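Please look over the chain shown below with its domains, its ligand shell and its helix packing in mind. The notes that follow take these topics in turn.

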Amino acid sequence: KKSQAWSALFSEPMSELVKRYTASVNFDRRLWRADIQGSLAHAEMLAAQGVISADDHAAIQRGMAQITQEIESGQFEWKLELEDVHLNIEARLTQLVGDAGKRLHTGRSRNDQVATDVRLWLRDEIDVIAGLYTELQQALLDLAEKNVDAILPGFTHLQVAQPVSFGHHMLAYVEMFARDAERLADVRRRVNRLPLGAAALAGTSYPLDRERVARTLGMEGVCQNSLDAVSDRDFAIEFTAAASLAMVHVSRLSEELVLWMSQSFGFIDIADRFCTGSSIMPQKKNPDVPELARGKTGRVVGHLMGLITLMKGQPLAYNKDNQEDKEPLFDTVDTLKDTLRIFAEMVGGITVKREAMERAALRGYATATDLADYLVKKGLPFRDAHEVVAHAVKTAIQQGVDLSELPLATLQGFSPLVGEDVYEVLSLRGSLNARNILGGTAPEQVRAQIARHRARLAG
Ligand code: ARG
C-alpha cells in the first residue's frame with residue numbers, strides 16, 4: 001500500500017508508533033498560510049522561468065485558492081500519515097489539479113520549504129507583536145501622565161531611598177519595552193531572508209530566480225549559502241532570546257504590581273476584572289495576571305534553552321532535529337502576545353493610591369540626601385554633610401518623626417548652616433523638583449519624556 005511520497009523504495013509500511021513519533025502535522029499545520037504563500041511565490045517564479053507552463057501555474061493558483069477556503073472553513077482533512085503541513089497541502093493540491101500539483105515541488109525540498117514557512121510566519125508575528133508593544137507603551141504613558149505628580153518612595157535594596165514620581169517609575173518600563181520592540185525589529189531583518197532555492201541542501205539545477213521569489217514574499221534578501229539556509233535556526237533562537245528578555249522585563253513590572261497591591265504596600269489597586277478571588281478566604285482579591293506573567297517568563301526562558309540546545313552540535317545540513325523548533329517557537333509567540341495584550345489592557349485598570357505612597361515615602365527618610373545636598377550648597381564638603389545628616393536621621397528615628405518634623409533649633413544643632421529654607425528642601429515635592437536633570441524624576445523632566453515617547457510612537 002503506497003501511502004508515502006517515497007515509498008517505492010520501502011518494502012514495509014511505517015510502524016504506527018514511528019508514524020506518530022515523526023509526524024508534525026498536529027502542530028505545524030499552523031504554518032499553512034505561510035506554506036501556501038511560499039508555494040504560490042515559487043510557482044509564479046517557475047512559470048516566469050519557463051520551468052512550468054502558464055496552465056500549470058494557473059491550475060496551482062486555482063487549487064491553492066480552494067485549499068485556502070477549505071482550511072479556513074475547517075473542511076480540510078489533515079492526515080497524520082501525510083506527516084506534515086507541507087505534504088498534506090501538496091497531496092490535496094494534486095488531488096485537485098493533478099499533474100500541475102505534482103510539478104509544484106520542482107527545484108524545491110521540504111528542507112528549504114519549511115525554513116521559508118517558519119521565517120514567513122515568524123516575520124508576520126513579529127509585526128503583530130510590534131503593534132502590541134505600541135499599545136502597551138501608550139497605556140503606560142497614559143498612566144504616567146495621570147500620575148506625574150504622584151510620589152512614591154524609590155527603592156534601592158528594597159529600602160526607601162529617594163522620592164520619585166510615579167510617572168517617572170512607569171517611564172522606566174516604557175524605556176525597557178521600547179528597547180524590547182527595537183530588538184525584535186532588529187531580529188526581524190535576519191528572519192526575513194529567503195531559504196527557497198537551497199532545495200535539499202546543495203541548491204538546484206533548475207534555473208530558479210531566487211531574488212524574484214524573495215521580492216514576491218516581501219523578503220529582504222536571499223540566504224546566500226544553501227547548506228546554511230536549510231539548516232540553521234539561529235533566527236528562531238534570536239527571536240526567543242529577545243522574547244525572553246522581553247518577558248523578563250514584564251516579570252519585573254509584574255513583581256512590583258504584586259508587591260504594590262499587597263496590604264503591606266497598598267500603593268495601587270488593580271481592576272477587579274484582572275483579579276481572582278479565593279475559594280476559601282472571602283476577603284481575598286489576588287493579582288493573578290501579573291503573577292502568571294511572572295511565571296510564564298520561566299516558560300519562555302525554558303524555550304530559549306530548548307531551542308539553543310536543539311541547535312548545538314547539529315552537523316550540516318538539515319536534520320530532523322529541527323522539526324522540534326516549532327512547538328517552543330509557537331508557544332513563545334503565543335505567550336508573549338497574550339502577555340502584552342493583557343498588560344496593555346490591565347495597565348488602564350490600575351488605580352494609584354497617592355496618599356499611601358506619599359505616606360510610605362515620608363516614613364523612610366527619603367529626603368535625607370536632599371538635606372545633605374542642601375548643606376553642600378551652603379559650603380560643607382559632601383562627606384561631612386553625609387555624616388551630619390546621619391546624625392539628624394538617627395535623632396528623627398529616636399523621636400519617631402520625619403526629618404521635616406524636627407524643629408529648626410534641633411536641625412541647627414547638627415549644623416549651623418541650616419536655615420529656614422531647609423523645610424522646602426525636606427519636602428517630597430521639593431526633593432522631586434530638585435532633580436531637574438535630563439533623565440531625572442522632576443515633573444518637568446517626566447513631562448518632557450512623555451512628550452518624547454509620544455512623538456516616537458506616533459512617528
Ligand atoms: N516537518 C519537517 C520539519 O519540520 C519538514 C522538513 C522535513 N524534511 C525532511 N527531509 N524530512 O522540519
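Which domains does the domain assignment of the chain give? The assignment, whose bounds come from an automatic or database source, gives domain 1 (14-106), domain 2 (111-146 + 165-358) and domain 3 (362-458). This is a predicted model, in which local features need pLDDT of at least 70 and side-chain atom pairs count only at pLDDT 80 or more, while totals for chains, interfaces and linings use all residues. Residues are numbered from 1 along each chain as its sequence is written.

**Domains and annotations**

- Taken over C-alpha atoms, the centres of domain 1 and domain 3 are separated by 69 Å.
- An unreviewed UniProt entry annotates residues 10-302 as "domain: Fumarate lyase N-terminal"; UniProt positions are in the numbering used here, feature names are shortened, and annotations may be inferred rather than shown by experiment.
- Across residues 10-302 the chain is 63% helix and 7% strand, with the end C-alpha atoms 39 Å apart; helices (H or I, at least four residues) and strands (E, at least two) are DSSP runs, numbered from the N terminus.
- The unreviewed UniProt entry also places "domain: Argininosuccinate lyase C-terminal" at residues 365-433, a span that is 67% helix and 0% strand, with its end C-alpha atoms 17 Å apart.

**The shell around the ligand**

- The ligand is surrounded by Ser24, Asp28, Asp84, Arg110, Asn111, Val114, Lys320, Asn322 and Gln323, where a residue counts if its C-beta atom, placed from the backbone, lies within 6 Å of the molecule.
- Helix α7 (residues 110-146) gives the most to this shell, with three residues.
- By class, the shell has one nonpolar, four polar and four charged residues; Ala, Val, Leu, Ile, Met, Phe, Trp, Tyr, Cys and Pro count as nonpolar, Asp, Glu, Lys and Arg as charged, and the others, Gly among them, as polar.
- The ligand lies between domain 1 (14-106) and domain 2 (111-146 + 165-358), because both give residues to the shell around it.

**Helix packing**

- Helix α3 (residues 32-48) packs on helix α4 (residues 54-72) at an angle of about 170°, with 9 Å between the axes; axes are lines fitted to C-alpha atoms, for helices over the stretch in contact, and angles run from 0 to 180 degrees between N-to-C directions.
- The two helices α3 and α4 are therefore roughly antiparallel, a term for angles over 145 degrees.
- Their contact, defined by C-beta atoms, placed from the backbone, within 7 Å, includes Trp32, Ile36 and Leu40 of α3 and His57, Ile60 and Met64 of α4.
- The residues of this contact of α3 with α4 divide into ten nonpolar, four polar and one charged.
- Helix α8 (residues 166-191) and helix α11 (residues 234-261) also pack at about 170°, with their axes 9 Å apart, which makes α8 roughly antiparallel to α11.
- Among the residues making that contact are Tyr173, Phe177 and Arg183 of α8 and Phe235, Phe239 and His249 of α11, and by class the contact has twelve nonpolar, one polar and four charged residues.

**Backbone details**

- Leu316 and Ala317 are joined by a cis peptide bond with omega of about 0°, and Ala317 is found in the loop between α12 (288-311) and α13 (326-347).
- Leu158, although not a glycine, has a positive phi of about 60°, and Leu158 lies in the loop between β1 (151-156) and β2 (159-165).

How values were computed: Angles under 35 degrees count as roughly parallel, over 145 as roughly antiparallel, 65 to 115 as roughly perpendicular and the rest as oblique. Two residues are in contact if their C-beta atoms, placed from the backbone, lie within 7 Å.
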